[in-house]
Amino acid sequence: MQLGVIGLGRMGQIVVERSLAAGHDVVAFDLDEEAVATAADAGAAPAASIDDLVDRLGADKRIWLMVPAGEAVDVTLEELEAHLDGDDVVVDGGNSYFEDSVRRAESCPAAYLDCGTSGGPAGAELGFSLMVGGPQWAYDEFEPVFDAVATGPDGHGRMGPAGSGHYVKMIHNGVEYALMQTYGEGFELLHEGRYDLDLENVASVWNNGAVIRSWLLELCEEAFREEGTDLGTVADRIEGGSTGTWTVQEALEQEVPLPLIYTALAERFGSRADDGRFSRRLANRLRYGFGRHEVPRRE
């Protein structure tokens with residue numbers, strides 16, 4: 001396939017690199033010229049503008065957007081609109097709000113696929129988990145690239161109509177909040193409890209056959225190995241986007257109780273007001289582990 005990729009941050013570069021590795025031709029554009037140069041070094045054809053990118057694609061255009069959720073997506077679609085028709089396919093691989101995705105699918109001249117993307121920078125080696133919403137035919141058209149970018153054929157799936165991919169990813173992130181909070185609280189009790197424990201060792205043992213083993217627990221082990229059992233200078237401040245808030249808002253609208261996810265969200269908000277909880281310090285460091293987000297540090 002020939003693929004156009006717009007947005008060459010960490011995740012966008014991974015889309016480029018994995019697509020190229022699978023033998024697809026990639027045309028790449030970003031407002032950052034250095035990011036375009038990086039993609040070109042990997043083997044992509046560099047585009048000087050969105051118009052240039054579209055001109056380099058064939059009659060049936062296949063375009064992947066990996067730009068920040070919100071206004072940037074709408075602005076990019078506006079620039080693309082005059083170049084698209086019903087035979088083209090556009091993928092939004094960012095963390096867009098699912099209702100925005102429904103709106104965009106209705107107004108976009110091309111078939112619009114909302115693609116929830118999970119895996120963070122680790123996806124460069126392992127591949128992503130892709131949750132896709134939109135028309136079946138467009139999903140089928142994009143399958144060769146989804147196979148390349150995901151962990152394989154089992155690493156992606158069509159969730160349903162427009163909006164469903166980002167809806168599933170939104171709730172995925174809510175679950176992620178709760179899991180991080182649970183690990184944080186468990187290790188906080190171990191840290192403050194009766195024994196002087198090596199928490200890296202605890203995490204390692206748990207990760208070998210225990211019921212609660214997981215990638216997040218592997219990242220706990222990494223955090224204690226690199227920061228120390230007391231987490232060193234890691235601050236009690238958990239940043240984050242809007243997906244957890246959207247999950248709780250949707251739960252309220254649907255009258256579905258989500259006490260664990262709500263509490264995890266509240267803990268994140270609370271972390272921005274004081275600096276005392278070990279559990280929140282671990283959650284702070286875990287965000288670096290899976291997303292390479294900057295770690296706020298104590299002064």
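Me: What covers the buried residues of helix 5?
Reply: Keep in mind this is a predicted model. In helix 5, which spans residues 98–107, the buried residues are F98, S101 and R104. The cover over them includes helix 4 (71–81), strand 5 (89–92), strand 6 (111–118), helix 8 (164–192) and helix 11 (243–254).

Me: Why do the buried residues of helix 5 line one face, and within what arc do they fall?
Reply: The buried set is F98, S101 and R104, while E106 and S107 sit exposed on the other side of helix 5. Looking down the helix axis, the buried residues line one face because they fall within an arc of 110 degrees.

Me: Which residues does R104 join in a salt-bridge network?
Reply: R104 is one of the buried residues of helix 5. Salt bridges with shared partners put it in one network, made up of D74, D92, D100, R103 and R104.

Me: How many residues apart in sequence are the parts that E141 and R62 tie together?
Reply: The two side chains form a salt bridge, 2.9 Å from N to O. R62 is buried at 7% relative accessible area, whereas E141 is partly exposed at 38%. E141 belongs to helix 7 (residues 136–149) and R62 to strand 4 (residues 62–65), so the parts they tie together are 79 residues apart.

Me: Is E267 buried or exposed, and at what relative accessible area?
Reply: E267 pairs with R277 in a salt bridge whose closest N and O atoms are 3.6 Å apart. R277 is in the loop between helix 12 (259–271) and helix 13 (278–291), with E267 in helix 12. R277 is partly exposed at 28%, but the cut-off for buried is under 20%, so E267 counts as buried at 15%.

Me: What is E222 in contact with, leaving aside its neighbours within four places in sequence?
Reply: E222 is in helix 10 (residues 215–227). It's buried, with a relative accessible area of 13%. Leaving those neighbours out, the contacts of E222 are R285, Y288, G289 and R292.

Me: What is the area of the nonpolar surface patch made by I171, V175 and L179?
Reply: V175 is in helix 8, and with 41% relative accessibility it counts as partly exposed. Together, I171, V175 and L179 make a nonpolar surface patch of about 210 Å².

Me: What distance separates the centres of domain 1 and domain 2?
Reply: The domain assignment puts domain 1 at 2–161 and domain 2 at 169–271. Their contact takes ten residues from domain 1 and eight residues from domain 2. Taken over C-alpha atoms, the centres are separated by 30 Å.

Technical notes
Residues numbered from 1 in each chain as written. Predicted model: local features only at pLDDT ≥ 70, side-chain atom pairs only at ≥ 80, totals over all residues. Heavy atoms only, no water. Buried < 20%, exposed > 50% of the residue type's maximum accessible area, 1.4 Å probe, protein only. Helix = DSSP H or I, 4+ residues; strand = E, 2+ residues; numbered from the N terminus. Arc of directions from axis to C-beta. Contact = heavy atoms within 4.5 Å. Patch = residues over 30% accessible without salt bridge, like charges linked within 9 Å, V, L, I, M, F, W, Y side chains within 5 Å. Areas by Shrake-Rupley, 256 points an atom, 1.4 Å probe, with all protein chains shown as cover. Salt bridge = Lys/Arg side-chain N within 4 Å of Asp/Glu carboxyl O. Domains from an automatic or database assignment.
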